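This report looks at one helix and then at a group of aromatic rings. The structure comes first.

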Protein chains: 2
Amino acid sequence: MLEKLSSFVELARRKKPKIVAVAAAEDSHALEAIKWIRNDGLAEAILIGCRNKITSLAENLKFDISHIEIIDIPDKTEACKEAVRVVKSGQAHILMKGLVDSAIYLRAILNKETGIAASRLVTQLAFIESPHYHKLFAITDAGITITPDQQDKATMIAQSVNVLHQVGIAVPKVALIAAVEHLTPAIAATVDAAALSGITYDNCIVEGPLSIDLAFNKASCRHKGLHSQVGGDIDLAILPDINSANVFYKTVMQLGGALSASTLTGTAKPVVFTSRSDTAKTKYFAIACAISQCKD
Amino acid sequence: MLEKLSSFVELARRKKPKIVAVAAAEDSHALEAIKWIRNDGLAEAILIGCRNKITSLAENLKFDISHIEIIDIPDKTEACKEAVRVVKSGQAHILMKGLVDSAIYLRAILNKETGIAASRLVTQLAFIESPHYHKLFAITDAGITITPDQQDKATMIAQSVNVLHQVGIAVPKVALIAAVEHLTPAIAATVDAAALSGITYDNCIVEGPLSIDLAFNKASCRHKGLHSQVGGDIDLAILPDINSANVFYKTVMQLGGALSASTLTGTAKPVVFTSRSDTAKTKYFAIACAISQCKD
C-alpha cells in the first residue's frame, strides 16, 4: 500500500538513476523539481527549451546547471518534438512537461511517426493523496478522453492497472464510478460499469457501478448494505467521462486539500503530465512517480 | 453573503414559525432535527408514518412528542402521499423526508394530480459548506435530472436563482461547470454553457464554461488570465449532468469534509430533500434552509 505521494520517492530510490527530458524547460517549478530530484541522485536531466530563460530561472533558484545538457529550442512545438525524440531514441528514460500547453505536448507524444504512444488510447492517470482517505489512489481520465465507450473503458482499466502494478500495487481494487450504484438503463455509465465489472480480470478486482461515497467510505457501504471487496478501499477510479473526471480531480484538489502526481498510460515510456500551475513539490513527486514506473 | 449552514438558522428566526410535515417520520435523525427546530421555536411538526416506531424512537431521544400530531400510516408510499397532501392543503408549510427511498418520496411530490410540483422540472439544490471555500454555495442537480439539455439548464438556472433570492442572495453568481473553460465543440456541456452564459439575466450573473478550479479559486483565474466576475466567488454551480453533479457533491462531502443541506427547486412549497444517511445536524440545517425559503 502506498500511503503518500512521497512513497514514490522511496520507490524511485530502488531504481537505477534515470534521465528526464524536459520539454519547454523554461518553467521555474519544473526546474526546481529537477534540482531536487538530482540532489536526491534519482535522475539526471536534459533541458530542452529557451536556453536564456532556463539559465536565468536557474540562477534565481540558485540551481547550478553548468553540468546539465541544454538543447536550445525556444519554439514550444519544436521543443516538445525534440524532447519526445530524445526519449524515443533512448537518450532519456522519462518525458516531462515544462511551460507548454497540454495540447502541444500531447500532439508531440501522439504523433504516429515520431511520437511515443504505445496504444490507440493514451489517458491521464493522476495519483492523488487526500487527507480524507487512508492511502494513495489513482483516477483516469481527467484530461484527454472525452467520452470513452465501453471498449475504451476496458482499455483504460487494463492500462491503468498495468501502471499500478509497476508501482507495486499487486492487486489493484478498481471502481467504475457513476451517479448511482445500481444498473440504471437511463444512465449509460452504469450500463458500461455493470458490463465491465462482470469480466474476470487478472491481478485486479473490478466493481461497478459505484457512487463516490461507496468507493471511498466503508461505512457508507455498510449503511447501504453493499458487500464489496472494493468499496471503501479503492486504488483506482474510472470516471464516466471527461466532465465527471475533471470535476472529481479538481474538486478533490480545490475543495479537498489533496495533492496529485500525474502521468500517462498507453505510452512506450513514462510521461510526466503535470499542470502548469502545479507546484515544484508536486512536479517532484510526479517525476518520482514516473521513475517508479521504470523497470529497473 | 451566507457563510455557513448555521446562517439558515439565523434567517429562519426572522420568519413566522412554520409547520413541517415529515413523511415516514420513523427516522431517528429526522426526529432529532425536529426536536431541535421545535426547541428553537422555529417550527412545529406533523409526523406521518408508523406511530409505534415514531413513539419508540422519540423515547430513546428523550423527545416528548405528546403534543405533536401523529398520522399513523406505516406504509411508506401512503405516508409520502399523505405528507404531500398535508402540505398541498396548507396544513403544513414544508415537506420533509424521513426514512424512505428518494424515488418513493419524489413520486409523491411529482404526481400530476396530488403532487406539489410547480414546474416540469424539479431539481435537487444542495447548499454546501466547505472548509476550503469562503462562503456557502449551492449546486444542482446531483440526484434527479439525468441529462439536462440546454432548455433544462436554463430552467435549472432560473429556479435555482429564485431559491437563492429567497434566502437573501441578491445577485447570485452562477457558474456553468465543464471540464474546460473554453467552448470545445466535442464537449457538449461547454457548448450549452457558452450559449447560456451569453444570455442577460435579471438579478444574477451567469458565466461558463468554467472548470472547477476557476469557479472556486480566484488565484487560478489570475493564473489562467481569466477576467471574471464569477470565478472564485460563485454562489451556484450548474453541473453538466447527473454523473458529474453527483461526483462533485459526494467528493466534496467524502473527500472534502463539507456539510450540506439539500432542498428542491420547482416545487410549490419548500421541500427538504436529505439523504437517509445524513446526520441529525444536517437535517436540522436543511429544515432551517427550507424555512428560510418561505415568504414570511
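Helix α4 of chain A covers residues 76–88, which is 13 residues. Its span from first C-alpha to last is 18 Å, close to the 18 Å expected at 1.5 Å a residue. Helices (H or I, at least four residues) and strands (E, at least two) are DSSP runs, numbered from the N terminus; the expected span is 1.5 Å times one less than the number of residues.

This is a predicted model, in which local features need pLDDT of at least 70, side-chain atom pairs count only at pLDDT 80 or more, and totals for chains, interfaces and linings use all residues. Residues are numbered from 1 along each chain as its sequence is written, and side-chain values use heavy atoms, without hydrogens and water.

## Packing and ends

Among the buried residues of α4(A) are A:Ala79, A:Cys80 and A:Glu82. Buried means under 20% relative accessible area, exposed over 50%, partly exposed in between (1.4 Å probe, protein chains only). The buried residues of α4(A) pack against β1, β2, β3, β4 and α5 of chain A.

Just after α4(A), A:Gly90 has a positive phi of about 95°.

## Aromatic rings

Rings of Phe, Tyr and Trp (its six-membered ring) pair if their centres lie within 6.5 Å; planes under 30 degrees apart are stacked, over 60 edge-to-face, the rest tilted. The count is 18 aromatic pairs over all chains. A:Phe137 and A:Phe216 form an edge-to-face pair, 4.8 Å centre to centre with 65° between the planes. A:Phe137 lies in strand β6 and A:Phe216 in helix α8 of chain A, 79 residues apart. A:Phe137 counts as buried because its relative accessibility is 1%.

Note on methods. Chains lettered and ligands numbered in written order. Contact = heavy atoms within 4.5 Å.
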